[in-house]
Amino acid sequence: MRNLLVLDDDELVGAFVRRLAAEMGYAVRTSTTVEAFRAHFWAQTPDEIVLDLWLGQSDGIEVLRFLSAQGCRARIILLSGTDNRTLDAARAFAENVGLNVGAALSKPVRAAALRGALTPIEAEAAAINAEALAAGIRNGELVLEYQPIITCANGKLSGLEALVRWQRPEGGRVPPDQFIPIAEAEPELMDELTFAIAGHAAQDWHVISKSGFTGHVALNISAQNLRRLDFPERFASLIQERGLPAEQVTLELTETAAMTDPLVSLDVLVRLRLRGFTLAVDDFGTGYSSLSMLRRLPYSELKIDRSFVKDILASHDAMAIVKAVLAMAQNMGLNTVAEGVEDAQILTTLTDAGATCAQGYGISRPLALPKLVEWIGAQAVNDATLASAKTQGRTQPAMPLARSGAGHDGGAGVSNNKHTH
Ligand code: C2E
Ligand code: CA
Ligand code: CA
């Protein structure tokens with residue numbers, strides 16, 4: 001039975017959550033004060049926590065700090081009666097201190113929303129833990145999907161990001177957000193995972209390069225991978241032995257990753273660069289960024305986080321941030337990739353603002369290898385049509401988005417809409 005711990009100073013809300021969660025099969029304990037909550041927490045480790053951010057006397061942030069200090073691994077659902085921005089900020093805070101936030105809901109909370117945020121008990125069939133993951137890696141259960149990245153100026157395919165999924169034999173497909181954190185907590189496992197993924201990517205490269213693709217394939221690297229000084233040698237030889245040259249590979253690292261131990265990362269990153277890898281800062285703008293780090297470390301690409309990109313049309317602040325980042329990147333000679341581009345208008349706006357490349361569901365969802373090969377083929381046909389239309393003086397179809405978004409779901413369906421990390 002899953003244990004749910006609730007903290008809300010409003011007894012009515014507590015009772016509402018208790019009733020609904022109990023119907024779903026949870027063992028529920030509720031508390032209206034921080035003291036009671038702590039006592040419950042120490043008495044039995046909860047699997048999930050529902051936490052109201054506004055608690056009258058004290059506040060939810062204090063509680064999040066406490067949970068973080070306890071190394072809490074429970075899935076947390078935040079509730080708040082304040083504006084969305086505060087809720088988002090609280091969520092970001094929780095994630096930055098290493099907590100697992102399953103959902104952030106604004107009050108009044110509807111039953112359907114809360115039910116959706118809690119984990120359905122029957123979906124828990126196979127445990128997701130380090131042991132199972134290690135076995136999964138060894139049994140070859142990791143699969144890669146590739147998400148196209150285009151050059152803004154001409155809409156052409158310029159790169160691919162490899163994204164891992166865990167395809168379990170029982171039938172479940174686990175999205176990376178659910179198992180990468182498990183590997184992050186165990187350095188050896190993270191190495192195993194990264195090397196397994198690199199091996200897959202090198203294998204796939206034979207098929208991808210035959211399809212006519214000449215750009216870079218981007219692989220995600222964790223901070224844990226940088227802690228060993230021999231990572232560059234081991235990683236480079238693994239992929240090169242399998243026929244994927246380092247010059248074709250971009251390594252994506254989050255800002256926070258390179259900050260954990262700046263000296264070690266500087267050493268490792270410089271040697272990766274010397275071996276021919278391109279280095280990109282992933283999710284730029286979300287971590288503990290230091291602009292001096294950008295100058296000091298051998299990056300050549302910035303990936304602007306989706307949380308800014310998705311809001312540029314609606315939010316003046318988001319647009320201002322994206323513009324400032326683009327201007328800075330340009331001045332520093334860095335390539336930019338805007339992540340999470342979901343529609344044509346956002347792509348046009350980003351292109352006008354000077355983004356080099358774009359990636360997002362509006363261009364294509366992550367695609368399994370066979371779908372990717374089809375996508376690359378369709379793009380080549382489209383380019384040829386465009387070229388001949390140009391020479392014959394016909395008008396040029398404007399958006400790459402119009403063609404590519406639909407029809408290529410790439411089987412990524414289950415994981416795609418559920419999490420907005
Ligand atoms: P990320 O590196 O920022 O990858 C981009 C994520 O955003 C992917 O989710 C992608 O499917 C999703 N995405 C792309 N375009 C859009 C869009 O237009 N709208 C929305 N809502 N989402 C979009 P995914 O595949 O679930 O990966 C989540 C995270 O898991 C990645 O974030 C990355 O941090 C991690 N991850 C994935 N593969 C690997 C891996 O091989 N190694 C490591 N260490 N981490 C990985
Ligand atoms: Ca990435
Ligand atoms: Ca990213």
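Guide: Two strands count as paired if DSSP finds at least two bridges between them. Strands are DSSP runs of E with at least two residues, and helices are runs of H or I with at least four; both are numbered from the N terminus. The model is predicted, so local features need pLDDT of at least 70 and side-chain atom pairs pLDDT 80 or more, while totals for chains, interfaces and linings use all residues. Residues count from 1 along each chain as written, chains are lettered from A and ligands numbered from 1 in written order, and side-chain values use heavy atoms, without hydrogens or water.

Start with strand S1, residues 3-7. S1 runs parallel to strand S3, residues 48-52, and four bridges join the two. One contact to find on screen is Leu-7, whose bridge partner in S3 is Leu-51.

Now widen the view. S1 and S3 belong to an open sheet of five strands, in the order S2-S1-S3-S6-S7. The pairing is parallel. Strand S2 (27-31) forms one edge and strand S7 (100-106) the other. Each of these edge strands pairs on one side only.

Next, the angles. Axes are lines fitted to C-alpha atoms, for helices over the stretch in contact; angles between N-to-C directions run from 0 to 180 degrees. Neighbouring strands of this sheet are turned by 15° against each other on average, with direction ignored.

Finally, helix H1, residues 11-23. Contact here means heavy atoms within 4.5 Å. H1 lies across S1, S2, S3 and strand S6 (75-80). Relative to S2, H1 runs at about 175°.
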